[in-house]
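Biologist: Can you walk me through the side-chain contacts in this one? Keep it short, please.
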Amino acid sequence: MIPRSGREVSRVEGFSDAVFGFALTLLVVSLEVPESFGDMKAILAGFVPFALMFALMCWIWYEHYAFFRRFDAEDPLTITLNCVLLFIVVFFVYPLKFVFSNVVKLMSGQPFAFREMSVADNRLLLSVYSAGFVGIMLVFVLLYWNVYRRRDALGLSAEETFDAYAGARTHAVSVSVGLVSLALAWILPVNWFWVAGPVYALQGPLHWRNGVLLARSRAKAFPLPRGDAR
């Protein structure tokens, strides 16, 4: 799906960009100015978690950007869902940073907070992460579903209608993975509940398969004219 250009930035987009910028600012202001070389090394050790969080925020922002560039939707439900999305993004900045920071420490062999936490707290932490992820992806599902539902009122073309359906379906795949992780965090026994984290790796093959199927459906529904090099 290629975002449509040539349209002025709406107030909804402008407000959303400001909130995304504020969320990124929260990641930066949490870092204190180093007073010693030891403090500097501690900040440098947090570079990878910060980079991961920054990349995650940029990905969410791009998904938001692609939706509002593609569809000129500013109805009450869209605005409400957008506000819910921004609330989740801002609220989960610090919990997600905590998760990423300790995952990097775990992978690099450094002391990490997960080891000092009880099993119940670790389950809760995985649940918080999954809840935030599911919440964000579910909002995108509902945004695309709302556009698909209002396709006649918005005057969408057949291809735009297909894009709305494809967007809802694609983000529904992410929601399903998050729900599986959330369930595993509480169902699996103590020695195996950590699997709820790596299960997110399933997104790769699942989204690849979904993309292949959607591409086939699009090619069948909207065949390119002969000689079209697109």
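**Charges and rings**

Modeller: Start with E159, which is partly exposed at 38% relative accessibility. Bear in mind that this is a predicted model.

Biologist: Where do E159 and R218 sit in the chain?

Modeller: E159 is in helix α9, and R218 is in helix α10, residues 203-221.

Biologist: OK, what does D163 pair with?

Modeller: D163 forms a salt bridge with R70, with the closest N and O atoms 3.0 Å apart. D163 lies in helix α9 (residues 158-187) and R70 in helix α3, so the pair ties together parts 93 residues apart in sequence.

Biologist: Is D163 buried or exposed?

Modeller: Buried. Its relative accessibility is 6%, and the cut-off for buried is under 20%. R70 is buried as well, at 12%.

Biologist: How many salt bridges are there in the whole structure?

Modeller: Six. One of them joins R69 and E13, at 2.9 Å from N to O. R69 is in helix α3 (residues 47-70) and E13 in helix α1 (residues 11-29), 56 residues apart. R69 counts as buried because its relative accessibility is 7%. E13 counts as buried at 6%.

Biologist: Switching topic. How many aromatic pairs does the search find?

Modeller: Twelve. Among them are F67 and F68, with ring centres 5.0 Å apart. Their planes are at 90°, so the pair is edge-to-face. Both residues are buried.

Biologist: What about F71 and Y144?

Modeller: Their ring centres are 6.0 Å apart and the planes are at 85°, so they are edge-to-face. Y144 is in helix α7 (residues 119-149), and the pair ties together parts 73 residues apart in sequence. F71 is buried, at 1% relative accessible area. Y144 is buried, also with a value of 1%.

Biologist: Which residues form one aromatic cluster?

Modeller: F67, F68, F71 and Y144.

Biologist: And which charged end sits over the ring of F71?

Modeller: That of R70, 6.0 Å from the ring centre. Elsewhere, R151 lies over the face of Y148, 4.2 Å from the ring centre.

Key. Residues numbered from 1 in each chain as written. Predicted model: local features only at pLDDT ≥ 70, side-chain atom pairs only at ≥ 80, totals over all residues. Heavy atoms only, no water. Salt bridge = Lys/Arg side-chain N within 4 Å of Asp/Glu carboxyl O. Helix = DSSP H or I, 4+ residues; strand = E, 2+ residues; numbered from the N terminus. Buried < 20%, exposed > 50% of the residue type's maximum accessible area, 1.4 Å probe, protein only. Phe/Tyr/Trp six-rings, centres within 6.5 Å; stacked < 30°, edge-to-face > 60°. Lys NZ or Arg CZ within 6 Å of the ring centre and 35° of its normal.
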